[in-house]
Structure formats: structure tokens, C-alpha cells
Amino acid sequence: MNRWGRTRRAWPGRLRADAGMATSEYAVATIAACALAAVLYKVVTSGSVSAALESVIGKALHAQI
């Protein structure tokens, strides 16, 4: 039997495809999520968007049923 056959039997888990995220990938994904949250916070708290949201909420609260 050749060397490749012995190696393949000795470490069957090492030849499988890598599944899931590594710790560094979790860190990058977390930083990206925080950056997106910061951008959305800035947009929602801006003057024009805040006024539009207050208008929509005010209309919904004062709607006749």
C-alpha cells in the first residue's frame, strides 16, 4: 500500500471539508453586525427619519376604530 493510503486511513477527519465558522470569522461577523447597527441607529435618529417615524406612530395611535 502506498503512503497516501496509510495517511488517509490514519487521519480521516483531516481530509473532510471545513464546515462552520472559525473564531476569527465569528469576530469579523460580529464587528460587521455592530457596524450595521451603528449605521441604522444614525439613520433612524436623524431628523427627517425621526420626524417621519413620529408622524406614522402618531397617526397609528390616533386612528379611529
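A: Buried residues make up 2% of the 65 residues in this protein, where buried means under 20% relative accessible area, exposed over 50% and partly exposed in between (1.4 Å probe, protein chains only). The model is predicted, so local features need pLDDT of at least 70 and side-chain atom pairs count only at pLDDT 80 or more, while totals for chains, interfaces and linings use all residues. Residues are numbered from 1 along each chain as its sequence is written, and side-chain values use heavy atoms, with hydrogens and water left out.

The average pLDDT (the predictor's confidence in each residue, from 0 to 100) is 80, and 68% of the residues score at least 70. There are 3 helices and 0 strands, taken as DSSP runs numbered from the N terminus (helices H or I, at least four residues; strands E, at least two).

A nonpolar surface patch of about 550 Å² is formed by Val39, Val43, Val44, Leu53, Ile57 and Leu61. Patch members have over 30% relative accessible area and no salt bridge, with like charges joined within 9 Å and nonpolar side chains (Val, Leu, Ile, Met, Phe, Trp, Tyr) within 5 Å; a salt bridge is a side-chain nitrogen of Lys or Arg within 4 Å of a carboxyl oxygen of Asp or Glu. Areas come from the Shrake-Rupley method with a 1.4 Å probe, and for residues only the protein chains shown count as cover.

Helix 2 (23–44) and helix 3 (47–61) each supply at least two residues of the patch, and Val39 lies in helix 2. Because the number buried among the 15 residues of helix 3 is 0, helix 3 lies largely in the open.

In the loop between helix 2 and helix 3 lies Ser46, which counts as partly exposed at 26% relative accessibility. A polar atom of the Ser46 side chain lies 2.8 Å from the backbone oxygen of Val43.

Note on methods
A polar contact is a pair of N or O atoms within 3.5 Å; within protein, one must be able to donate a hydrogen and the other to accept it, and residues adjacent in sequence count only if both atoms are side-chain atoms.
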